[in-house]
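Here is a briefing on the model shown below.

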Amino acid sequence: MADTALPTHGPRGPKPKRALSRTNIIVYGTLIVVSLYYLLPLWVMVMTSLKGMPEIRLGNIFAPPVEITFEPWARAWSGACTGINCDGLSRGFGNSVQILLPSLALSVAIASVNGYALANWKFKGSEVFFTILILGAFIPYQVMLYPMVIILRELGLYGNLWGLVLVHTVFGMPILTLLFRNYFAGMPEELFKAARVDGAGFWGIYFRIMLPMSLPIFVVAMILQVTGIWNDFLFGVIFTKPEIYPMTVQLNNIVNSVQGVKEYNVNMAATLLTGLVPLVIYFVSGKLFVRGIAAGAVKG
Amino acid sequence: MKLTPSLLALTAALGATAATAGELEVTHWWTSGGEAAAVKTLAEAYEAKTGNGWVDGAIAGSGGTARPIIISRILGGDPMGATQMTHGRQAEELIEAGMMLDITDVAEANGWTDVINPPALLEGCTVDGRIYCAPLNIHSAQWLWLSHKAFEDAGVAVPTNWSEFVAAAPALKEAGKQPLALGQQPWQSNLAFGTISLAVAGLDAWKAVNIDKNAEVAAGPDYAAAFEAVANAREMAAGSNVQDWNQATNMVITDAAGGQIMGDWAQGEFAMAGEVAGEDYSCLPGLGVNAVLDTGGDAIYFPVNDDPEVTAMQKELAEVLLSPEVQVAFNLAKGSLPVRGDIDMSTANACMQKGLEILAGGADGILPSGDMSLTADTTGQVEDLMAEFWADSSMSAADAQARFAEIIADAD
Amino acid sequence: MTIVESDGIDLARAERKPRRPFRNISAKIASLPMVLTALVVFVGCTVWTVIYSFTDSKLLPRLSWEGLGQYERLWGTRRWLVSLENLAIYGICSMVLILLIGFTLAALLDRKIRFEGAFRTVFLYPFALSFIVTGLAWQWILNPDFGIQASIRAMGWESFVFDPLNSPDLVIFGILIAGIWQGSGLIMVIMLAGLRGIDEDIWKAARVDGIGTVKTYVKVIIPMMRPVFVTALVLIAAGIIKVYDLVVAQTAGGPGISSQMPALYVMDAMFKNQNLAQGFAASTMMLVSVLIVLIPWAYLEFAGKKRG
């Protein structure tokens, strides 16, 4: 619990003996077989998105394309139709970025301060609020829809970007606060006490001590939020309007509007394009994510 | 943390893309090929006639996806300019709560009461003598669509009514065709049930159940026959694993299936695929048994807006929607029937002509739509029951009927 | 890290602002967003929902009382009962399987293997995709006409049948395959992080005592990882109760009503059937079941800790 330095790296399991031991064959064999299960959908999506419709109709979905075409990608990005708009996903991308950045900044900032207060500045009732917050993580979002609409209307925020930012901040708060609280609680208490003796206040300690030390957990929080906010459809469509619909709304529209035949290749390309931002983030920062989780999530 | 304020400022600047004046946002869920083509005619006519912009708020995924969005927007005080809704009982409450614009003046100025046929359509928009929506088209659900080639391949004649269709099913199956194409969504199961029950149980029984909510009739022998017919149709539809209605229609278009029970909106899909009515496919209103159609349809509602400019644009849209040219263009594209009895639809194809004839024949062939007589709640319960009944071959017709009668008994 | 620490203290010292009486004020003001969220949103909306579940609200919320009518109807509705049964099957299976798979994969990755990063990325990437995408991808793979079934038949095994999504009895497992695919990676990472936190001396001691690898995991390591398992359980359980998008994208509740879930029932009642109060009653029941499971746990976990 008190071990604070960045999470210990490196495997801790028992060391295998020989390169081709029976254990090794089992370990690698299992991992490779399981990897196939995880990779299968990605493989199918990528392959399908590179095929033409005639080939899809005839062929096997697992086979690589005989003739590679990037046309489905082009159509998904800028040609697929919903209603009378035929500009694909391109319109939604900018909107999604516009929604993501302030939501990300605000939700992570607030959750980190919450977590810090809960870990280091407990006040009467703070644990009660925290428990309510965690219980809130279990309430289906749909239940909150109408009351949230009414709250935002009363605040005068309904239908604009800031309303949506607020919604993302509120619904991201339980899990993020839990992460930050656990992380800060795991820092050595002496550090905090020393700063207090030196007269540093709430914000002083937060900005000068806690913040610089909490990069790993910030990375985790940001990755979780990017994924959650980017993939959100429900809030994006309820709390905004067409000019600022996120990419997922366009994805839903492309995938669910069947004009004649279902264009599976365009659907798959659109799906991959929409998932690209979180996917890239995971591929690039997977290692930091694991470190951050090790530092934050696993300490009770 | 220090980064945050500047980020916020940046995105706020980006976010300030306020709609320019003179644009009206219209929300709808018309996203299939034929539907999108029809919306386009509306948008173009509106922009050409009024000089205002049409902001298209299409949401794919049927009314179930779109409705929470529409209602949230209205409740949240940031309504769209106009929205598609099925007329009838669905919007009653919004009207009673004063959230919908009264367009009686537009209706009077344009003489809607004289031109709209059947008059029930305008009544569906009327609450306490005031008019709150613009009926746009008439959709009837009771159609059987048949692929000529599928029957040719199976070596049987194209059926002219439901019992011939049932008789031809084994031959279709043998030829490797799906006798009856049916999408898996609950509303489609319910639509097929409603249509079959109207044909098999007969008009009087149908009216007693759907309009008078007579649970005895629902539990009686006429409906027992209808439930048996559905159980039989269930076997003809077994193996039809598509989801969307137009995927099922596509099975008929590509001759992989013999027929589909679907509303007249399927017409738009046949048209988009370049098929010719009477040659490549044919259609049987009322399953070829009773030549009756219901008169459901789409209507456009106009949520109340504080901005008088928006109100003016809304009224302009209402006027455009009912203009003869728009009625012709929109309905030809969508495959639905116009709400005006006084316009020239001679360019309509053989199937639409059949529908127009029934409409012109007057009250005998016209039923109110289920949307007008049953609440969404009751319809939802029946849909759940039908989804289960069509999917679960172990559920007997008698069990399904007993549960149906219960739902009707509780309906208000 | 130590450099940063002393820097921080130096700066703090330079500031010299001893303001003890205000320290709690600062913390409280800073916690205001959390307090407001907890009270206004979570408690407020919940209370609002519960109150309106006793009304006959249809399309718009209104306070016209109907007593327990909505609840009577709810428990007499077959679809609701099927939904609960599905949630129970899905919940238990995915809880057990995700924990099992997550832990096993983490344990395998922890065995000083090569390409750990690559494997980890492969297991984790599905988590970056939304449930909608997950549902669509697996619907496609499980489609009998061109997915796994068709491919295996094309290889010559003509009678091969693998069509879970169109079988009322198996459909829930078809959804499970997709749910596990999406969710197990995150749990694997959490487990891996937990394993990395175990002192290597434990392993040495186990080896000295001649305890087998598997036995060491079961008897020693897993009990030491209790907080890790708790975090994992919270995450899995919160996901299960909310499962909605996945089912909508993959089966839309079908065939028939055989893959319905409570969240779908709530949404359909509220928005499709325009019977808000029925939806509120159903969601109240969902909340009650969550509370029954969670309150004892939350009490032990948080309230207990203060004293201990």
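In this predicted model, helix α4 (residues 90-120) of chain A has the highest mean pLDDT among the elements of that chain, at 92. Helix α2 (residues 53-58) of chain A has the lowest, at 79.

**Confidence in chain A**
- Chain A as a whole has a mean pLDDT of 83. Of its residues, 89% reach 70 or more.
- The pLDDT is below 50 over residues 1-8 of chain A. That stretch still has 19 contacts in the model beyond near neighbours in sequence.
- Where pLDDT is low, predicted coordinates should not be read in detail.

**Chain C against chain A**
- Contacts link 99 residues of chain C with 92 residues of chain A.
- On the chain C side, helix α2 (residues 23-52) of chain C gives the most, with 21 residues.
- By class, the side of chain C that touches chain A has 64 nonpolar, 18 polar and 17 charged residues.

**The annotated span of chain C**
- An unreviewed UniProt entry lists residues 84-297 of chain C as "domain: ABC transmembrane type-1".
- This span, residues 84-297 of chain C, is 73% helix and 0% strand. Its end C-alpha atoms lie 22 Å apart.

**Two domains in chain B**
- The domain assignment gives domain 1 of chain B as 23-138 + 296-357. Domain 2 of chain B is 143-294 + 374-410.
- Taken over C-alpha atoms, the centres of domain 1 and domain 2 of chain B are 28 Å apart.
- In domain 1 of chain B, 17 residues are in contact with 16 residues of domain 2 of chain B.
- α2 (33-50), α17 (324-334) and α18 (350-360) of chain B each supply at least two residues of the domain 1 side of this contact. The largest share, five residues, comes from α18(B).
- That side of domain 1 of chain B divides into four nonpolar, nine polar and four charged residues.

**A sheet in chain B**
- Five strands form an open sheet in the order β2-β1-β3-β12-β6 (chain B), with mixed pairing.
- β2 (53-58) and β6 (133-135) of chain B are the edge strands, and each pairs on one side only.
- From one strand to the next, the twist averages 25 degrees.
- Strand β1 (residues 23-28) of chain B pairs with β2(B) in the parallel sense, over six bridges. His28(B) has Ala58(B), in β2(B), as its bridge partner.
- α2(B) packs on the sheet and touches β1 and β2 of chain B. The direction of α2(B) makes about 155 degrees with that of β2(B).

Conventions: Residues are numbered from 1 along each chain as its sequence is written. Chains are lettered from A and ligands numbered from 1 in the order in which they are written. This is a predicted model: local features need pLDDT of at least 70, side-chain atom pairs count only at pLDDT 80 or more; totals for chains, interfaces and linings use all residues. Domain bounds come from an automatic or database domain assignment. Two residues are in contact if their C-beta atoms, placed from the backbone, lie within 7 Å. Helices (H or I, at least four residues) and strands (E, at least two) are DSSP runs, numbered from the N terminus. Ala, Val, Leu, Ile, Met, Phe, Trp, Tyr, Cys and Pro count as nonpolar, Asp, Glu, Lys and Arg as charged, and the others, Gly among them, as polar. pLDDT is the predictor's confidence in each residue, from 0 to 100. UniProt positions are given in the numbering used here, feature names are shortened, and annotations may be inferred rather than shown by experiment. Two strands pair if DSSP finds at least two bridges between them. Axes are lines fitted to C-alpha atoms, for helices over the stretch in contact, and angles run from 0 to 180 degrees between N-to-C directions.
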